[in-house]
Amino acid sequence: MSEYRFDTQAVHAGQEPDPVTGSVTPPIHMTTTFKLPEPGPRLMDALFLRGDRPPHVYSRWSNPSVRTLEEKMAALEGAEAGVAFASGMAAVSSVLFTFLSAGDHVVASDVCYAGTAELLGLHAGRYGIEVSLVDTSDAEAVRQALRPNTRLVYIETPANPILRLTDIAAVAGIAHQAGVPLVVDSTFATPVFQRPLALGADFVLHSMTKYLGGHGDALGGIVVGAREEVHRIREGMLIHLGGAMSPFNAWLINRGLATLSLRMQKHQSSALAVARFLEQHPKVRRVLYPGLESHPQHDLARRQMSGFGGMVVAQMDTETATNLVQQVGVFTYATSLGDYQSLLFYYPTEMYVDSAAYLDAEQKRAVREWAGDGIMRISIGLEDPEDLIADLDGALGSTG
Ligand SMILES: *Cc1c(COP(=O)(O)O)cnc(C)c1O
């Protein structure tokens, strides 16, 4: 499949008409276990996952519906292989715990998805893993944080929730000089707008719950990279930690991928329109969207991304935000993102800082200074942008 372009791969990679029934749409393989080959070498290949496509044994190890999704995602990221998980966090934790053992050190973004920040900040220490959380938008800060026992550099770009970017090529260079792999959480960009492996990253992971599934109906995660390493993650983490994806969710997310590129173009054009509207609104202090000229890293966004995505962040005071989330009618006040429906999420900076036990006083001060009273994270859906803008305009206008 690798000779085909992106949209063709998004439709065809990893799937073909069912050889038994001729079914053009891939069936959902709702089975826990598989009939095994006779006891002998082929059985051993299956049990030890030998070869590119070992026979299926048991659905925690592999499943045909899940494999279709893994192969399609690997094709879209330009990777040799992928391994899917029950959620984005299962993918995050599996990649961390594959490469980090007691006594090892990891350098990670000080701002990333809350679950990842909490896993690193609250739990990694219990397993003897040392963590340095740094502002990875400053590549030099990454270099300075490296230690002799550093085994992994972990970044998220654009970062949830503040849409801060990290220069993937620069940080990959620094990590490789130190002989350690770079992992990129590319959930916000999707492979439509960003290909971290082509920029030098070693692994890309996604919460497929978001844009890749795209319909707000299935949790999922994936890690893609070199075949042997992905095999190691599957063997060590999927099989033993057990966060296996349901075949039904794999089928839903695979269906989502067929329209990924169309959806991302629409998310993006509407996001830009909403961002421009918010930028001139008197009740909005600041808007962050990588596609706006005012984004502090707009040049980097143009360099390493081919589009800017569907997430917009707006700073406003708590009273304005509290009114807004109650007045909107097209948007829903809900967490998550990447859905076909527009969602927005806000919580005051004070609440965030109070809950972030892993940040030191200086880091808390920096968050307060950066975010003001709080930030509204807006996930632009597939509705008409005029209706989205009118909804926000009405809800902002009705606030004191
Ligand atoms: C949502 C999210 C995750 C976690 O994914 P789940 O599917 O909710 O477990 C990880 N990283 C980013 C950037 C996310 O937005």
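With 400 residues, what radius of gyration does the chain have, and what would a compact globule have? The chain has 21 Å, which agrees with the value near 21 Å for a compact globule of that length (taken over C-alpha atoms; the rule is 2.2 Å times the number of residues to the power 0.38). Before going on: this is a predicted model, where local features need pLDDT of at least 70, side-chain atom pairs count only at pLDDT 80 or more, and totals for chains, interfaces and linings use all residues. Residues are numbered from 1 along each chain as its sequence is written, and side-chain values use heavy atoms, leaving out hydrogens and water.

Show the C-alpha trace: along its principal axes it spans about 75 × 50 × 35 Å. Switch to cartoon and you'll find 16 helices and twelve strands (DSSP runs numbered from the N terminus: H or I of at least four residues, E of at least two). Colour by burial next: 54% of the 400 residues are buried (under 20% relative accessible area, 1.4 Å probe, protein chains only).

Now select helix α7, residues 168-177. Its buried residues are Ile168, Val171, Ala172, Ile174 and Ala175. Look down the axis of α7: these residues fall within an arc of 165 degrees, so they line one face of the helix (the arc is that of directions from the helix axis to the C-beta atoms).

Methods:
Buried means under 20% relative accessible area, exposed over 50%, partly exposed in between (1.4 Å probe, protein chains only).
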